[in-house]
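Thanks for coming, everyone. Let me put the structure up, and then we go through it piece by piece.

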Amino acid sequence: MAESLTMKLSPVFLFHPLLISVLVGSIATQAQYASGQWSLIQDGHSGVSALELAVVSETTVMIFDKVEHNPLQTNGHVAWGAELNLVTRTVRPLNPASNTWCGTGSFLSNGTMVSSAGTPVLIVPVGENGLAAIRLFDPCEDGKCDVVEDQRVRRMASLRWYTSSARLEDGSVLLFGGSWDFGIINNATIHNPTYEFFPPKNIHGMLRFPSSVCCPFLQNTLNDNYFPFVITLPDGNLFIAANTQAMIFDWKTNKEVRSLPGIPNGVRISAPLSAGATLLPLTPENNYTPEVLICGGSTLDDDLALWQPGILSSQSPTSDQCVRMVLNDEGIAAGWQVEHMPEPRIMAELILLPDGRVTIVNGAHTGFGSSGGTFVRDPIGQSDSDHPAFTPALYDPTAPLGRRFTQEGLPTSEIPRLYHSTSSLTPNGTILLAGSNPNLDVETHLYPTEYRLEWLSPPYMGKPRPTYTGLPKTFDYNAKITFEVDLPTGAENVSVVIMDFGFATHGVHMDQRLVGLVSELSDDKTKLTVTGPPSATIYSPGPAYVFVLADGVPSFGSKTLIGTGAQPPLDEDALANVLSSLPLYWDKWTTAHPACDGDTFQRSEHNPLQTNGHVAWGAELNLVTRTVRPLNPASNTWCGTGSFLSNGTMVSSGGTPVLIVPIGENGLAAIRLFDPCEDGKCDVFEDQRVRRMGSLRWYPSSVRLEDGSVLVFGAIDNSTIINPTYEFYPPKNIHGHNGTPIYSPFLQNTLIERINKYEVFLAFPMVFGSAGATLLPLTPENSYTPEVLICGGSTLDDDAALFMPGIPSSQSPASDQCVRMILNEEGIAAGWQVEHMPEPRIMVELILLPDGRVTVVNGAQTGIAGYGYTKDQVGEADQDHPALTPALYDPTAPLGERFTQEGLPTSPIPRLYHSTSSLTPNGTVLLAGSNPNGDVETRLYPTEYRLEWLSPPYMEKPRPTYTGLPKTLDYNAKITFDVDLPTGAENVSVVIMDFGFATHGVHMDQRLVGLVSELSHHKMKLTVTGSPSPTIYSPGPAFVFVLADGVPSFGAKTLIGTGAQPPLDEDALANVLSSPPLYWDEWTAAHPGEPVPAPSATSA
């Protein structure tokens, strides 16, 4: 608070003037300005359309756009961020991770720029969902800095689009309002009537979820309240204006301190009926008394009924009204002073000049601020506005009412700057004009996407200008510093101002401010002693550009940090609380976008992931944000397997030596453990000195057993040697093998080995002829009788002589055969039942759905599973003719009617060798991967990083919900759910599912088991009985679905059984570690030059 000024914006609203008496005109005397000519030149291109813009250093400007088809490229895709060099007027790409479309920005006290909010990816399938994003940018001079963004470690507590921001007196940022989804105008169905802070604060109970504070003003100003004006005031409160209302707000107490008079004459001022606004200069001469100026807007009604497609007009008149008010008792009592611009404008931008005047640029004379041309009945191209305002206006706040505006001598541009334009003062005193894109994507028709830059130069640019030295990197409050100054000859009136140029978007300039400082010129006019701003409420700690003015002519604006340059306060508990839950309104957004923006296949492309300074070969995908973070296995996981233990730990086993990039350990005997977490801090744990397999294995399979341990089965230990053994993890003393591998002759010639009653194990199919397989649902109705389904494959001979390099063909036909068999005496006697898929496939994947059907995805119609082996490889792929359309299999339908492709969407992405897929807890099927290459490649059938999400029809239906699932669900235990069923639901059931571990078309442990359940007569309680035995569902993780008439709930996770770890035989483990793995001697003999030591107990 500005206590030294005895000034307080509080409910009493009293000012005790320091220097002069202030009533209604805080800028009381006409200032001195440089005379001469204005100029306007075009020079340079922005590379990305300048939707958002901020000067970040003395020589650079940061520009953000939405993700669209910009000419600037980065990392093999379109760029939507750029850094403009103010000296060379060239750009380099920046790399935000998420879509910045219609976000906001402010600077922290340490000078870091914070960009927040945005949208999901809508136009070009690149980038992440930006609705909750926090992006950081630390300016640099060497061109090497970039945007830092990771929503696992920092994000907002709420989804926000069209939000505003303001830097506070502690150097943090307040984020205010917006919506959680798209609407041409805000409304009660999508609005976000809350605010929050970055870094997060424990304030107003915000340490409790949802970490966002409700603000009734945002509710009361619907519908026209996108991008509200938020301005910090000298007493620490906030001036906030939206629609036709304004208030003074105390963010520390979450109270509206004072309701201000409404905007006169029914003029609406917020997007999409956008006005421009600024705080007028705060100076010692006006006792730092705040006064706001708001210009433009529209008198259009914001009734939602009018904001439907085809009703409004691009020719609707806009307002020429400007209003200003002094924010003290007398000024508020006097109300808004009304004046008029030379011409009406919507989307006007008000730019403060160092001499205190205001330049009004950009915008249109008719229409409103929006893009796409789908709402007005008469779009111009795709623009919802028309009649561009080509000529700037100049406003002198010190002139008498009626004489403050002029356009005389101001140059007229030939470039329309309409919706999505920006502007900013720059450190040398020119005004940068950029952007304009009233289109959904890049367009060249009337009112095109605009990349040309313009530079508007006030007359002072042609005058001799003062210079100074001696500005420190930080400039604290009330501190005195002395500049060495060189003033133009005859200079009389010398002053100093600090400026925040703001963050510009949609005509709003977040944090724009000019503050005059007390200064004293030495008698010889060579030294200027300057006193820092009186308090952090008059100028919030953070970046400032310091101008020395001589008779109205400014120097270059050198940059400093006001305050100490320290970071704003960080409350670790508040940050952890934000990250502990999904963002506020995420449930609403996902409900409104069940298939992700309307596409059945949702794509998200990721560049090769890095970790610890090298390539990553592990990642954790967040199913909510659809972003990844690197994981760090120690050894090469190539063609390994995986299963879960009874306690929920995932066990990855097998792999290869390091073959391509010289990073990591030999994975042939590796055991890797991963315990899932929600905080993004868990990682793979691997140490072959304390745990590994008893044998080398590549291409093994695995299965979880009835005791919760894992059996690892078969594989090869190099390209020619078969490993016909199996073993257990944790190791067992069984069959006379104290932890060591056990020989199994079945590995030569079978796919099935019965381990226990009803426990069916599908070994990893021989890679060249990969089919897909699954166990069909085990239910009370079928007495948990096992039945297997195997689809696809090839009739190629597996004679090793035919599988030499250059002999097989990528065009060899695959098989369309599916076979199924019931595994009881009668079923085995009847043999395999044969049917046919709609098309042949190799490397096919069979995915169980919660309703018991099977989705058939991925693979190819010809060739073999591999790369670089065939005589006619496609790129490096040994297969061709991708199977792009899934098929659906209904195991309950009559033979011949079980398959269909009708209504299933076709993907544009080939999913060939090294593809994967899985059901996810919300019921969608994730499709990922494909790399039929020896390394990362971009040729035909490239290395694929894009993800797709296949949504069955039930995703669009009202879905049941339930609560009451415990962390563990023991066998035959009874639990009761509270259920909320869709209206009219009749058939209710419960299933538990293991989604499996997917690789090479095999889904280890995939399983669906139906449970006995009983619905209460009022249909609100559902009593469920756990699985009958651990042989029907092995103890370990399960996702529980309640189905209502075939529509599944979300699959919540539990552990079947007690959640205990599987039995550990210490002697068996010690025996495994006491000798090198089986086949180690053969491997080392075959690879004499490999500098990889054999893992053994002695290495520990």
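Start with K527. K527 is partly exposed, at a relative accessible area of 35%. Partly exposed here means between the two cut-offs: buried is under 20% relative accessible area and exposed is over 50%, with a 1.4 Å probe and protein chains only.

A word on the source. This is a predicted model, where local features need pLDDT of at least 70, side-chain atom pairs count only at pLDDT 80 or more, and totals for chains, interfaces and linings use all residues. Residues are numbered from 1 along each chain as its sequence is written, and side-chain values use heavy atoms, with hydrogens and water left out.

Back to K527. Which residue does K527 form a salt bridge with? The partner is E484, and the closest N and O atoms are 2.4 Å apart. By salt bridge I mean a side-chain nitrogen of Lys or Arg within 4 Å of a carboxyl oxygen of Asp or Glu. This pair links distant parts of the chain: K527 sits in strand 41 (residues 527-531), E484 in strand 35 (residues 480-486), 43 residues apart. Strands are DSSP runs of E, at least two residues, and helices are runs of H or I, at least four residues; both are numbered from the N terminus. E484 is also partly exposed, with a relative accessible area of 40%.

Next pair. K1021 forms a salt bridge with D978, and there the closest N and O atoms are 2.5 Å apart. K1021 lies in strand 81 (residues 1021-1025) and D978 in strand 75 (residues 974-980), so this bridge ties together parts that are 43 residues apart in sequence.

Now the record. In an unreviewed entry, UniProt lists residues 465-558 and 959-1052 for "domain: Galactose oxidase-like Early set". Positions are in the numbering used here, feature names are shortened, and annotations may be inferred rather than shown by experiment. For residues 465-558, the end C-alpha atoms lie 14 Å apart, and the span is 0% helix and 53% strand. For residues 959-1052, the end C-alpha atoms lie 14 Å apart, with 0% helix and 53% strand.

More on charge. Side chains of opposite charge can pair when their charged atoms come close. How many salt bridges does a search of the whole structure find? The count is 36. One of the pairs is R89 with D43, at 3.2 Å, N to O. R89 lies in the loop between strand 6 (81-85) and strand 7 (91-94), and D43 in strand 1 (residues 39-45), so the pair ties together parts that are 46 residues apart in sequence. D43 is partly exposed, at 34% relative accessibility. There is a network as well: salt bridges link E414, E450 and R452.

On to T60. T60 is in strand 3 (residues 60-64). T60 is buried, with a relative accessible area of 4%. What does T60 touch? Leaving out residues up to four places away in sequence, the list is V55, E83, L84, L86 and C140. Contact means heavy atoms within 4.5 Å. The T60 side chain also makes a polar contact with the side chain of S57, at 2.5 Å. A polar contact is a pair of N or O atoms within 3.5 Å; within protein, one must be able to donate a hydrogen and the other to accept it, and residues adjacent in sequence count only if both atoms are side-chain atoms.

Now strand 14 (residues 194-198). Five of its five residues are buried. T194, E196 and F198 are buried on one side, Y195 and F197 on the other. Strand 13 (residues 173-176) runs antiparallel to strand 14, joined by four bridges. Strands pair if DSSP finds at least two bridges between them. In that pairing, L174 stands opposite F197. Strand 15 (residues 213-214) pairs with strand 14 over two bridges, also antiparallel. There, T194 stands opposite C214.

Three strands form an open sheet in the order 49-50-51, with antiparallel pairing. Its edge strands are strand 49 (641-644) and strand 51 (671-674), and each pairs on one side only. Strand 50 (residues 650-653) is joined to strand 51 by four bridges. S653 stands opposite I671 in strand 51.

That is the tour.
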